[in-house]
Structure formats: C-alpha cells, structure tokens
Amino acid sequence: MILKVEKFLKNYVDRFGVISSNIFPIPIENPIFEKFEYSYDKGYLDGLNWFSKNLDIMRFPAKYFKEFKSIVFFFFSYFDSTVSHNFSNLPKISIYAQYEDYHLTIRNFLKDLGRELRRVFGIKSVGFVDSSPFMERGFAFLCMEDGFLGKNGLFYLKGRGSYFFIGELLLDIESPRNWGAEKPFLRYCKNCNICVKSCPVGAIVEPGIVDSRKCISYHTIENRGVIPREIAVNLNGYIFGCDICQQVCPLNRINGSIFKGFTRVKEIEKFDLDWFLGLSKNRYEKIFKKSALSRANYYQILRNIFILAETDYIDGCFAKKIYDKFGHRKEIYEQLKELK
Ligand code: SF4
Ligand code: SF4
C-alpha cells in the first residue's frame, strides 16, 4: 500500500514541477529538537513568537496529531531562472514575495491532493505549509536522501539549490519506514563561506545557524517597531526579506523551474516609489492581499523605504515625502531618532 501511495504522490506532483519525499511515521519525539533548542536557548530565534508558544508540540508531534500516523513532504521551487527578479526602479523585494502568497497557493494545492488521496485510496489527510509544528527544514533534511543544510541555514536539495518552500501532508496510514541514520547537516555544502562573508549584518553566527535578531529578512518583515541602527544602515536596498545569502551561493547556480502553481503579482512589476507613496493604506492592503508582501503591513514597508532614503540608498527626496505625510507615525519618527 505505502509504495503505491508514494508512487501516486510522485506522479501527481511531478506534473506541477514539485518534488515529494517518501512517507515516514510521525515521530513520537522529534529527533532534531535538540538542535532547535540550542538556537532557541541562545536567543537566535527571539522575536519569532510562534516557536515559544509551541515548544511541546514541536518536541512531541505524534501526541498532538493522534488521528494521523505518517507524514510526507513536498518541495515547491520558487526560482525561475528565465525571469529577472530585479527591478531597476525599485528597492528590493525578496523573490518569493514577488509571487502570490505561497501559503495560499500551496495550501490549496495540498487540499486538492488530499481530496485525490481520499478518492483513490480512502486516505484522510491534512496539509500544512510554514505553519505546523514540524520543523520543516529539519525533517526534510532527515527524510530526503539528497537533502542538506547550507552554512546559511537554508535547506538545499543536491543539484537543485535552496529556493524551495516545504509543505507537508499528514496521513492516517501507517508507514513502515524509519527516519534513517544521522548524517552531517552540512554534508554537501561547499563550505566556501561566501554566504557568511556576504551577509551585510553578520547574521550567520554559526555554520547553519542564522541569528534572527540580526537578519534583514526578520527586521524588514517581522519587526514592527524600530530597526536597530546597525541593521538599518545595512539593509542593502531591501524593503521586504533578503535573498543575499541565497543569491551568492554557488550551489544556486541552477536552471530552476518553478512550481507551476505560482503566479507573479502584476502590481509588483509596476511598483515604483511614487506610485507606492500615492497609495492609501486600504489600497495597499487590497492590492497586496494575495501576496506574501502583506505579511508586512503598510507602515512597515513605508518605514523600510524611509530607512533606505535616509541612508542614501535611494534618493533622499523620498525620505522628505514620507516624513511630510507620515512623520506623525511612530514607525517613522522613532526610526528617524534611531538613525540620527
Ligand atoms: S555559499 Fe558556500 S558555504 Fe554558503 S551555503 Fe553556499 S556552498 Fe555553503
Ligand atoms: S537573509 Fe540576508 S541578512 Fe539574513 S542571513 Fe541571509 S544574507 Fe544575512
């Protein structure tokens, strides 16, 4: 049965350019929890509140999903080597956010797949992406023969790079497989240190570990307050996310083909700063509702643009324009105090 289901899954997802793992039992105790706990105890995950609220689920996943017995992972590439993701008239937006929100797209894909599993095999399933207690990168590393972590902490598939989202389905069938022997996390990483040296804020603090308190991606998206000066002056043009440690990595020089379910957000292509500054908050929310950009609110994006203008990364006239209109907002005046 398990082999038939795995074959079915591989055939189904292959049509969409997606890669699937084999099916593994949901572990009673997470075999890589200690690695996670190490980062957590060191404070490298500070600010990512979801983790602190879900430690027990992360440690003992089977206890919380009693009706499901097994798990299968899927890898969705968001890198299309035929498309330029840089805009000449724009600050930078992380590549993944240039597509409609992967949470929605992948969740819908997994729902459709789950319906097919029910129809063909009578299997019950539930899907997650970026929102489950399964530490996706870690589990994916364990279950994929050619999976490893880069020094930049990202999950890679050998020969396919790191531009992946990971989603999973929990299934109500048993799996006789086991998670396999321990292997070195960074085993196919070239150890060239280019990512470490290229990170403008020194956020890659140990091999395979990023300190979120320093990371540009964390600050431009999750930090709703003031971005500390030493980070703010090093945003390198980013107003949402950061791709630097992926872009410089030699393992990402690949001819990537993107998951067929992703659609580029049209408004991002025509995004220019005058246009953006003319948008009301409501209009921003309406336009970017379906994009991952909406993870950062309107005022965070304004704050990020303001920082780039104040630090001369883009024309300083945008700092004045933003201050004239939004100088009363704490995101702006407190950030300005931090930069002075
Ligand atoms: S840049 Fe070099 S060290 Fe960093 S993840 Fe890529 S191969 Fe590994
Ligand atoms: S995402 Fe950017 S800031 Fe974060 S570790 Fe990578 S290069 Fe550094």
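Author: Let us start with axes, which are lines fitted to C-alpha atoms, for helices over the stretch in contact, with angles running from 0 to 180 degrees between N-to-C directions. The helices themselves (H or I, at least four residues) and the strands (E, at least two) are DSSP runs, numbered from the N terminus. The model is predicted, so that local features need pLDDT of at least 70 and side-chain atom pairs count only at pLDDT 80 or more, while totals for chains, interfaces and linings use all residues. Residues are numbered from 1 along each chain as its sequence is written, while chains are lettered from A and ligands numbered from 1 in the order in which they are written.

Reader: Why are α15 and α17 called roughly parallel?

Author: Helix α15 and helix α17 (residues 330-339) pack at about 30 degrees, with their axes 10 Å apart. Angles under 35 degrees count as roughly parallel, over 145 as roughly antiparallel, 65 to 115 as roughly perpendicular and the rest as oblique, and therefore α15 and α17 are roughly parallel.

Reader: What makes α15 and α16 oblique to each other?

Author: The axes of α15 (residues 298-310) and α16 (residues 317-326) come within 8 Å and cross at roughly 135 degrees, and this pair is therefore oblique.

Reader: Which hand does the crossing of α15 with α16 have, and which hand does the crossing of α15 with α17 have?

Author: A crossing is left-handed if the near helix is turned anticlockwise from the far one by less than a right angle, and right-handed if clockwise. On that rule α15 passes α16 in a left-handed crossing, whereas α15 passes α17 in a right-handed crossing.

Reader: Which residues of α15 and α16 meet?

Author: Two residues are in contact if their C-beta atoms, placed from the backbone, lie within 7 Å. In α15, L302, I305, F306, A309 and E310 meet F318, A319, I322 and F326 of α16. By class, this contact has eight nonpolar, no polar and one charged residues, where Ala, Val, Leu, Ile, Met, Phe, Trp, Tyr, Cys and Pro count as nonpolar, Asp, Glu, Lys and Arg as charged, and the others, Gly among them, as polar.

Reader: What makes D130 and S175 count as partly exposed?

Author: A residue is buried if 20 or more other C-beta atoms, placed from the backbone, lie within 10 Å of its own, exposed if 12 or fewer, and partly exposed in between. D130, in the loop between β4 (125-129) and α7, has 13 such neighbours and therefore counts as partly exposed. S175, in the loop between β7 and α8 (194-198), has 19, so S175 is partly exposed too.

Reader: How many residues of helix α7 are buried?

Author: Seven of the eight residues of α7 (residues 136-143) are buried, and this helix is mostly covered. The buried residues are E136, R137, G138, F139, A140, F141 and L142, and what covers them includes α2 (33-42), β2 (70-77) and β7 (164-171).

Reader: Which residues surround ligand 2?

Author: A residue is near a molecule or strand if its C-beta atom, placed from the backbone, lies within 6 Å of it. Among the residues surrounding ligand 2 are N152, C199, V201, C215 and C245. This shell divides into ten nonpolar, two polar and no charged residues, while the shell around ligand 1 has eight nonpolar, four polar and two charged residues.
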